[in-house]
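User: I'd like to go through this one quickly. Can you put it up and start with a strand?
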Amino acid sequence: MRCPHCPLLLALLLLLSCLRADGALRGQIIGGHEAKPHSHPYMAYLKLRMSACGGFLVAPDWVMTAAHCLEGNITVILGAHDIYEPEQSQQVRGVLKYYPHPAYNPNTVANDIMLLKLTAKVKLNKYVRTIALPKTSSDLPTGTSCTIAGWGLIDEDERTSKLFETEVSIYSRRKCILFYPHLDNGMVCAGSFHEMKDSSQGDSGGPLVCNKVAQGVVSFGYDSPPGVYARIANYLPWIKKVMKK
């Protein structure tokens with residue numbers, strides 16, 4: 001007897017088996033190159049207890065990252081290019097309060113977004129700047145060119161201390177659902193259609209920047225593109241409410 005739902009169930013099982021255990025991309029900037037020093041002045045390096053994440057400055061005392069990056073006390077480094085060097089451009093802050101999205105689900109990685117209230121405001125200069133957030137909740141047009149950056153692995157066993165970057169394009173929701181059947185309105189897909197370009201380990205929580213606006217937060221994905229990002233435009237009311245506190 002044939003099972004009409006078996007192909008769908010098999011696809012779902014394959015999806016679950018391919019996702020990393022922590023639901024994060026946690027891999028590398030695939031196909032990327034070293035960024036021009038301090039060309040992404042909004043980037044933040046988050047030192048966790050056992051690992052690291054990316055983040056980005058949205059106000060002088062607020063950093064945005066992924067909710068799955070909440071792991072003990074986080075130290076935030078801004079104005080860095082080489083995180084292993086004591087650069088004079090760097091500003092280090094602690095976190096006064098953590099605001100993961102109240103509906104974050106570690107099993108489905110839904111609502112994978114978090115705000116960090118810093119212990120003190122940073123000094124804005126050419127090395128440390130905020131980045132704009134979307135003004136409306138609209139979806140990005142398919143094919144929109146975006147940039148991702150991070151300090152993660154640049155090869156399977158090669159970690160970089162310097163900021164790397166690469167370009168990706170927005171996938172249509174219809175096409176992305178073929179890869180991720182559980183995709184919801186709080187998620188957006190991006191990657192390269194023809195080349196292996198994506199974000200992963202150490203880049204979780206970093207921004208997907210399109211036309212100088214932070215449109216997504218690196219969330220999760222397979223070992224190959226596309227990757228899934230928390231869609232910031234979907235969370236604007238929550239973001240404004242938290243930051244007003």
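Analyst: Strand β10 (residues 164–170) is mostly covered, with six of its seven residues buried. Buried means under 20% relative accessible area, exposed over 50%, and partly exposed in between (1.4 Å probe, protein chains only). Strands (E, at least two) and helices (H or I, at least four residues) are DSSP runs, numbered from the N terminus. This is a predicted model: local features need pLDDT of at least 70, side-chain atom pairs count only at pLDDT 80 or more, and totals for chains, interfaces and linings use all residues. Residues are numbered from 1 along each chain as its sequence is written, and side-chain values use heavy atoms, with hydrogens and water left out.

User: Which strand does β10 join over six bridges?
Analyst: Strand β9 (residues 145–150), running antiparallel. A149 has E165 in β10 as its bridge partner. Two strands pair if DSSP finds at least two bridges between them.

User: What else does β10 pair with?
Analyst: β1 (residues 33–34) pairs with β10 over two bridges, in the antiparallel sense. There, E34 is opposite F164. β10 also has two bridges to β11 (residues 187–191), again antiparallel. S169 faces G191 in that pair.

User: And β9, how many bridges does it make to β12?
Analyst: Two, and the pairing is antiparallel. T147 has V209 in β12 as its bridge partner.

User: Tell me about β12 itself. Which way do its side chains go?
Analyst: In β12 (residues 207–210), P207 and V209 point one way, while L208 and C210 point the other way. All of them are buried. Four bridges link β12 to β13 (residues 213–221), and the two run antiparallel. V209 stands opposite A214 there.

User: Switching topic. What's the strand order in the open sheet?
Analyst: β6-β5-β2-β3-β4-β8-β7, seven strands with antiparallel pairing. β6 (91–93) and β7 are the edge strands, each pairing on one side only. From one strand to the next, the twist averages 30°. Inside the sheet, β2 (residues 43–47) and β3 (residues 52–59) are joined by five bridges. K47 has A52 in β3 as its bridge partner.

User: What does α3 lie across?
Analyst: β3, β4, β7 and β8, running at about 20° to β8. Axes are lines fitted to C-alpha atoms, for helices over the stretch in contact, and angles run from 0 to 180 degrees between N-to-C directions.

User: Which residues of α3 are buried?
Analyst: In α3 (residues 236–244), they are L236, W238, I239 and V242. Those four cover an arc of only 160° around the axis, which puts them on the same side of α3. The arc is that of the directions from the helix axis to the C-beta atoms. On the other side, P237, K240, K241 and K244 are exposed.

User: What covers the buried ones?
Analyst: The cover includes β4 (62–65), β7 (95–100) and β8 (114–118).

User: Now L78. Buried or exposed?
Analyst: L78 is buried, at a relative accessible area of 0%. The residue is in strand β5 (residues 75–78). Beyond its neighbours within four places in sequence, L78 has contacts including Y42, M43, L57, L118 and V128. Contact means heavy atoms within 4.5 Å. V92 is 14 residues from L78 in sequence and 6.4 Å away, C-alpha to C-alpha.

User: Where is P37?
Analyst: In the loop between β1 and β2. P37 is partly exposed, with a relative accessible area of 46%. The C-alpha atoms of P37 and H81 are 5.6 Å apart, though 44 residues separate them along the chain.

User: Zoom out. What does the whole chain come to?
Analyst: Three helices and 14 strands. Of the 245 residues, 54% are buried. Among contacts with a separation of 6 or more, 70% are between residues 24 or more positions apart.

User: What is the mean pLDDT of the chain?
Analyst: The mean is 84, and 78% of the residues reach 70 or more. Residues 1–28 are below 50, with 51 contacts in the model beyond near neighbours in sequence. Residues 196–202 are also below 50, with 50 such contacts. pLDDT is the predictor's confidence in each residue, from 0 to 100. Where it is low, the predicted coordinates should not be read in detail.
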